[in-house]
Amino acid sequence: MTALVVSDLHLDPARPEIAAQFRAFLEGPARAADALYVLGDLFELWIGDDDPEPGQRAIVGALRALSAAGVGLYFLHGNRDFLLGARFCAATGGELLTDPTIVERDGRRALVTHGDALCTDDAPYQRLRALVRDPRWQAEFLALDLGVRTMLAREARAGSTEHTRAQPAMLMDVNPDAVAAAFRAAGVDTLIHGHTHRPAVHALEVDGRPRTRIVTGDWYTQGSVLTWDAAGFRLEALPRP
Ligand code: MN
C-alpha cells in the first residue's frame with residue numbers, strides 16, 4: 001500500500017506552471033498510489049465551492065479523474081483554502097479530514113495536520129484563524145456575492161503577505177512546545193505537516209521517546225512529495241519539468 005502526501009501547492013491563475021506540474025503528477029505517479037493526502041493550501045485562494053474560476057475547475061476535474069481511477073483522496077484545510085466544503089468533496093470524490101487527524105497505514109500511525117495551528121508564536125495569526133474558522137463567520141462570508149468575496153479575499157491575502165514579511169522568521173515556524181503537545185496528545189511517534197514551506201525530516205525526542213516530524217514543502221519552484229509505504233517514509237523533491 002502506498003500513500004502520497006503533498007501540501008502547499010498554492011494553485012493560482014498567476015502560477016500556471018504549478019498547476020501543470022500538479023496535473024502531470026495526478027495523471028502520472030499518483031495513479032500508482034492507493035491514496036493521496038493533500039495537507040492544505042492546495043489553492044492560494046478558495047472563496048467558496050461555487051467559484052467558477054476555470055483553473056480551479058480544471059484541478060477539480062483532474063482530482064475527480066484520480067479518485068475515479070480508484071485512488072483514495074483526502075484533504076485537510078489550509079489557511080488559504082479553509083472554505084473547501086461539501087460540494088468540492090462531491091465534485092472531486094475526495095473526503096475532508098478533521099485537522100489534526102491520526103492516519104494509520106501499513107502498521108504505522110501518524111498525526112497529520114496542515115501545520116498552522118502549531119505556529120503558536122504568531123499570536124495575531126492565531127486570533128485571525130479562530131475568527132475565520134468560526135462556522136457563523138464562514139456562513140456570513142459564503143452568503144456574500146462572489147465578487148465581494150473575491151475582493152475581500154484579495155485584501156486578506158495582501159494583509160497576510162505583509163504580516164508574513166514583517167514577522168521574524170522564527171515566529172513563522174512551528175513552536176516546539178506545541179509540537180511536543182501534539183505528539184503527547186495523539187500518542188504517536190510521527191507527525192506530518194506542511195504550511196511552513198521548510199521541507200525536512202526532523203528527529204526529536206518527546207517524553208524520552210524518539211519521534212519524527214516530517215514537513216512537506218511548497219510547490220513554488222519544484223514539487224514536494226512524501227511517499228508512505230511498507231518501507232516507511234520518503235520525502236522527495238519533484239524537479240519542475
Ligand atoms: Mn499554509
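Start with helix H6 (146-166). H6 gives the most to the lining of the largest pocket: nine residues. Helices here are DSSP runs (H or I, at least four residues), and strands are runs of E (at least two), numbered from the N terminus. A pocket is an open set of points on a 1 Å grid over the protein atoms alone, where a 1.4 Å probe fits, with protein on both sides within 12 Å along at least five of seven lines; lining residues have an atom within 4 Å of a point.

This is a predicted model, and local features need pLDDT of at least 70, while side-chain atom pairs count only at 80 or more and totals for linings use all residues. Residues are numbered from 1 along each chain.

Stay with the largest pocket. About 980 Å³ of space lies there, the volume being the space filled by probe spheres set on the points. Select Asn 79, Arg 80, Tyr 125, Ser 160 and Thr 164, the closest to its centre among 37 lining residues.

Now go to strand E7 (residues 190-193).

Show the neighbours. Strand E6 (residues 108-113) pairs with E7 in the parallel sense over three bridges; pairing needs at least two DSSP bridges. Find Leu 111 opposite Leu 191. Strand E9 (residues 209-215) also pairs with E7 in the parallel sense, over four bridges. Finish at Ile 192, opposite Ile 214 in E9.

Notes: Heavy atoms only, no water. Buried < 20%, exposed > 50% of the residue type's maximum accessible area, 1.4 Å probe, protein only.
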